[in-house]
Amino acid sequence: MKINKMNGKMYIGAILLILIFLFVLWGIIGTPYDPKAMDASMRLAKASSKHIMGCDQFGRDIFSRVLIGIRTTFTIALGTNLIGVFFGTLIGALTGYYGGWIDQILMRFNDAILSFPSILLALVFIALMGCGTYQIMIAMGIVFVPSYARIVRSEFMKCRNREYVQSVRLMGASDLRIMFIHIFPNTRQTLIASLIIGFNNAVLCEAAMSFLGLGVQPPDASLGLMLSDAQAFLFSAPLYALTVGIVMVLLILSFALLSDAISEVYHA
Amino acid sequence: MRYGIRKGMTMIITILMVSLFVFIAFSVIPGDPATQMLGTNATSEKVNALREQMGLNRPLIIRYFQWVHDFVTGNMGVSYSYHMPVKTLLAEKLPITLTLSLLSFLMILLLSVPLGIITAKYYDRYFAKLFDIINQLFMAIPPFFTGILLTYLFGLLLRAFTPGGFVSYKSNFGAFLAYMFFPCLSIALPKAAMSMRMLKTSVLSESKLDYVRTAYSRGNKTDQVLYRHVLRNALLPVITFLGMTLADIVAGSIVIEQVFSIPGFGRLLISSIANRDYPVAQAIIAIIAGIVVVINFMVDILYPLIDPRVKQHENQ
């Protein structure tokens, strides 16, 4: 991928993402106020120089909670995709490389799982494991495995009979070595593009699950949970929902723009 | 015909696999359904008797086939929370969720198809470029945030509807449909933006192909080429997307029902998961998954009607 092929979408997406990443770092280093500290006198306080996004229904600083919320959402999206990529790659590599009846059975099962809308499948696992930050990460991670498996499988199927693979096979390389040292690096282009889309979907799914009250639990903060809280005060404090929602949109937009730009560059 | 039978078989296998998955998932949940129904103070004799009556002591695979049989014949068990048959509970909610999904789908079609064609036809004009930017923005807004924005703007500021004032279809069908407008719009806007962009891209890439040049060289006008030749081919990927969208809408309605306080499948599913009312959750998930599989089958069947090459390719 050459720099001169980068387009406007890539720049805007990257700038937005860097900005959000700085907010994540800010949330890790320390927030302006304690995000869990309540103050009854500041209940639903409007934006001011002290509290730039105002305060929530418990008088907690919204900006500090947004910083923590982005961090939580980011961590969950990262964890989800790591689980999905790890197990998806493992399944995809084995089925794509060896083929045969194991491939047929696993892929039929994979297709059945893929026919489930992701939010519905995540709900099944939440019903199994209960609500919470780690539970949602694992639930969504499992949901993401089939799509990564399918992507990696098709890449492995394309590569398994290529000349370079046949050459290393003749040189006596083991199957594991061929799979993970020789073929796997060649899937990176497709995998990176899928990871960005996966990250986007994870952010959306986490926000939806927390919005439904089945993801991150109070007093922890996540963008979806905050938006759900803010909805109850839409009339008295509309800026609460608006600011949290806009941050969420910017996060999703940054990934969407990046994924669009990358696919345009690859298809150019 | 062979194509249809093969797709039908695939659908049946997928439904069996999906139902097996749903059944196993809810069977391995910790906690005994008999104890949950009778309460923790029940004697072990009573619990055992109920376990026997419910068939919980039988092997898992036998219980699965029994469950499938019961499910198909309409016996979906009894809700732990409402103490009434799940079937009765769901029968009231199904029309609400179906209306929400179908109206949203209709809105997506009405918004995306004309706009997709217009923006593709006039792709180099400023308004088409402006639409691209608006589109990108709409795609990034999650439906539940769109719902909140619409509630604030049209519900609280303009008072076009009463937030939370759901009217049952049984009491006033007109008012029910009117209340459904904004929830449907929340679901439709991001999906319409995606499908519009897809149609535009598809029309533009088809327009570059040789057969289009041939059609122009034979003296056809732009509209004739667009509607008779290009659109037919350009619609294929869009139909795939719309099929997936319809499946997504059914699942996406779960969140929107929560935003607009609509007492449909979604709200019931969330409350049943939160209250560990598993017969209800299991039934709803199985029904939604079944609907999704059937939609996917219908999209597969629709393909060769639009593009006979699909059937040829599959038969080879």
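Predicted model: local features only at pLDDT ≥ 70, side-chain atom pairs only at ≥ 80, totals over all residues.
Good morning. I shall begin with the place where the two chains meet. Chain A contributes 39 residues to the contact, and chain B contributes 41 residues. Between them, the chains bury about 3,500 Å², and 84% of this area lies on carbon and sulfur atoms. How many salt bridges are there between chain A and chain B? The count is one. The partners are A:Asp260 and B:Arg197, whose closest N and O atoms are 2.7 Å apart. These two residues also belong to a network of salt bridges, in which A:Lys9 is linked with A:Asp260 and B:Arg197.

I now turn to chain B and to two of its helices. Helix 5 of chain B covers residues 86-121, and helix 8 of chain B covers residues 173-207. Their axes come within 6 Å and cross at roughly 35°. The crossing of helix 5 of chain B with helix 8 of chain B is right-handed. Sorted by class, the residues in this contact are 25 nonpolar, six polar and two charged.

Next, I would like to consider two individual residues of chain B. The first topic is B:Phe161, found in the loop between helix 7 (143-157) and helix 8 of chain B. Is B:Phe161 buried or exposed? B:Phe161 counts as buried, because its relative accessibility is 9% and the cut-off for buried is under 20%. Leaving aside residues up to four places away in sequence, B:Phe161 touches B:Leu150, B:Thr151, B:Phe154, B:Gly155, B:Tyr179, B:Phe182 and B:Phe260. One of these, B:Thr151, is 10 residues from B:Phe161 along the chain, and the C-alpha atoms of the two are separated by 8.3 Å.

The other residue is B:Thr245, which sits in helix 10 (residues 222-259) of chain B. With a relative accessibility of 2%, B:Thr245 is also classed as buried. Again setting aside residues up to four places away in sequence, B:Thr245 touches B:Ile108 and B:Lys191.

Finally, let us return to salt bridges. Over all chains, the count comes to 10.

In chain A, the side chains of A:Asp220 and A:Lys36 meet in a salt bridge, at 3.3 Å from N to O. Why may we say that this pair ties together separate parts of the sequence? A:Asp220 lies in the loop between helix 8 (188-211) and helix 9 (223-231) of chain A, while A:Lys36 lies in the loop between helix 1 (8-29) and helix 2 (62-98) of chain A, so the pair joins parts that are 184 residues apart in sequence. A:Asp220 is partly exposed at 32% relative accessibility, and A:Lys36 is partly exposed at 44%.

Also in chain A, A:Asp56 forms a salt bridge with A:Arg65, with the closest N and O atoms 3.7 Å apart. Here A:Asp56 is buried, at 0% relative accessibility, and A:Arg65 is buried as well, at 3%.

In chain B, a salt bridge joins the side chains of B:Lys200 and B:Asp132, at 2.8 Å from N to O. B:Lys200 lies in helix 8 of chain B and B:Asp132 in helix 6 (residues 126-140) of chain B, so this pair ties together parts that are 68 residues apart in sequence. B:Lys200 is buried, with a relative accessible area of 11%, whereas B:Asp132 is partly exposed, with 29%.

Thank you for your attention.

Definitions and conventions:
Residues numbered from 1 in each chain as written. Chains lettered and ligands numbered in written order. Heavy atoms only, no water. Axes fitted to C-alpha atoms, helices over the stretch in contact; angles between N-to-C directions. Helix = DSSP H or I, 4+ residues; strand = E, 2+ residues; numbered from the N terminus. Left-handed = near helix turned anticlockwise from the far one by under 90°. Nonpolar A, V, L, I, M, F, W, Y, C, P; charged D, E, K, R; others polar. Buried < 20%, exposed > 50% of the residue type's maximum accessible area, 1.4 Å probe, protein only. Contact = heavy atoms within 4.5 Å. Buried area = accessible area lost by both parts, 1.4 Å probe. Salt bridge = Lys/Arg side-chain N within 4 Å of Asp/Glu carboxyl O.
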